[in-house]
Amino acid sequence: MAFIRERTITIGKYVETDIIPRTAAAEIAVRSNRGRKREVSRPAQQNLNNKNSHRYFTWLLQGNFENGDYYMTYTYKPKFKPKTIGGAQKEIKNWLGRLRRKAKKTSVELKYMIVTEFTEEGEAGDISNIHHHVIIKKGLNAEEIIDTWSKGRGKNREPIGIVHFSLIQSDSDGLLAIANYLSKQKRWKKGCKSWSSSKNLNRPFLSIDDHDRDYSKRKVEALALSNDGGEEFFRRKYKNYRITHIECKYYELTGWHIYLRAWRDSGDDEGGSNQ
């Protein structure tokens, strides 16, 4: 007997829902997971070229940051440019130490995500064009943050490179556009981190429930084939959510799947305030 399973990812006020048809055999295989809510495991290798890692990275962005937070790119002057990946890791670690000390002095909770981009050249694996993309929760002012990207003291103090600064602003794609942009670039070689984040971020949770009373295979098909892709139905059903994306896909083996992206009780555009 076929049934409909609803799989929902929740992080902060951000929600993703998959409405999926399942077979009786699939029901037996996953019976132990019905109705459970569990934290999604962090990917072992944080490589944005990996599908699972990219999804987890995107969830963290969507569930922790909002309009007015900072999106910054840190570059290097030629004299300070790291020659190895290890050198770049050390440089960004030292910078985080300076930033944490500044945040502690002003009692600001520091939340961040970092992606390092570079070009790997030749058989020796030499690197060039290395820079860091950083998303930071507002709290410290921008000048304080930019000031930490420097070396030396007093008269000998010198910027490590240029910091490009912008405020996160929502649009039709919101933070998802940042995640997609960053994932398309070349990243760390195999076995190394391509992105990292502070430990105090909200984490995604997965809940799995059956909704035989809400849906049937015929109902899901009708919604998928309707002129609005089921938008009117889902906006009535999820009254306390602001749905920003509905996608319907057909698979030969299982039939129609419906994917929703939404925010709980928020009036801003996607990627807007979610705290």
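A contact means heavy atoms within 4.5 Å.

**Figure 1. Overview of the predicted model.** The model shown is predicted. The protein chain holds seven helices and 13 strands. Of its 275 residues, 47% are buried. Among contacts with a separation of 6 or more, 71% are between residues 24 or more positions apart. The accessible surface of the chain is about 15200 Å², and carbon and sulfur atoms account for 48% of that surface.

**Figure 2. The largest pocket and the residues that line it.** The volume of the largest pocket is about 530 Å³. Its lining is made up of 19 residues, and those closest to the centre of the pocket are Asp18, Lys51, Arg55, Lys249 and Tyr259. Two or more lining residues come from each of strand E2 (14-22), helix H2 (51-64), helix H5 (175-183), strand E12 (241-251) and strand E13 (255-264). Helix H2 provides the largest share of the lining, with six residues. Sorted by class, the lining has seven charged, seven nonpolar and five polar residues.

**Figure 3. The buried face of helix H5.** Helix H5 spans residues 175-183 and is one of the elements that give two or more residues to the lining of the largest pocket. Which residues of H5 are buried? They are Leu175, Leu176, Ile178, Ala179, Leu182 and Ser183. Seen down the helix axis, these buried residues fall within an arc of 160°, so they line one face of H5.

Figure 4. Lys77 sits in the loop that joins strand E4 (70-74) to helix H3 (85-105). Is Lys77 buried or partly exposed? Its relative accessible area is 27%; because buried residues have under 20% and exposed ones over 50%, Lys77 counts as partly exposed. Leaving aside residues up to four places away in sequence, Lys77 touches Glu158, Pro159, Ile160 and Gly161. The C-alpha atom of Lys77 is also 7.6 Å from that of Ile162, a residue 85 positions away along the chain.

Figure 5. Ser107 lies in the loop between H3 and strand E5 (112-121). Although Ser107 is not a glycine, its phi is positive, at about 55°. The relative accessibility of Ser107 is 70%, so this residue counts as exposed, the cut-off for exposed being over 50%.

How values were computed
Residues numbered from 1 in each chain as written. Predicted model: local features only at pLDDT ≥ 70, side-chain atom pairs only at ≥ 80, totals over all residues. Heavy atoms only, no water. Helix = DSSP H or I, 4+ residues; strand = E, 2+ residues; numbered from the N terminus. Buried < 20%, exposed > 50% of the residue type's maximum accessible area, 1.4 Å probe, protein only. Areas by Shrake-Rupley, 256 points an atom, 1.4 Å probe, with all protein chains shown as cover. 1 Å grid on protein atoms, 1.4 Å probe; cavity = no way out; pocket = protein on both sides within 12 Å on 5 of 7 lines; lining within 4 Å. Points joined across faces, edges and corners; volume = space filled by probe spheres on them. Nonpolar A, V, L, I, M, F, W, Y, C, P; charged D, E, K, R; others polar. Arc of directions from axis to C-beta.
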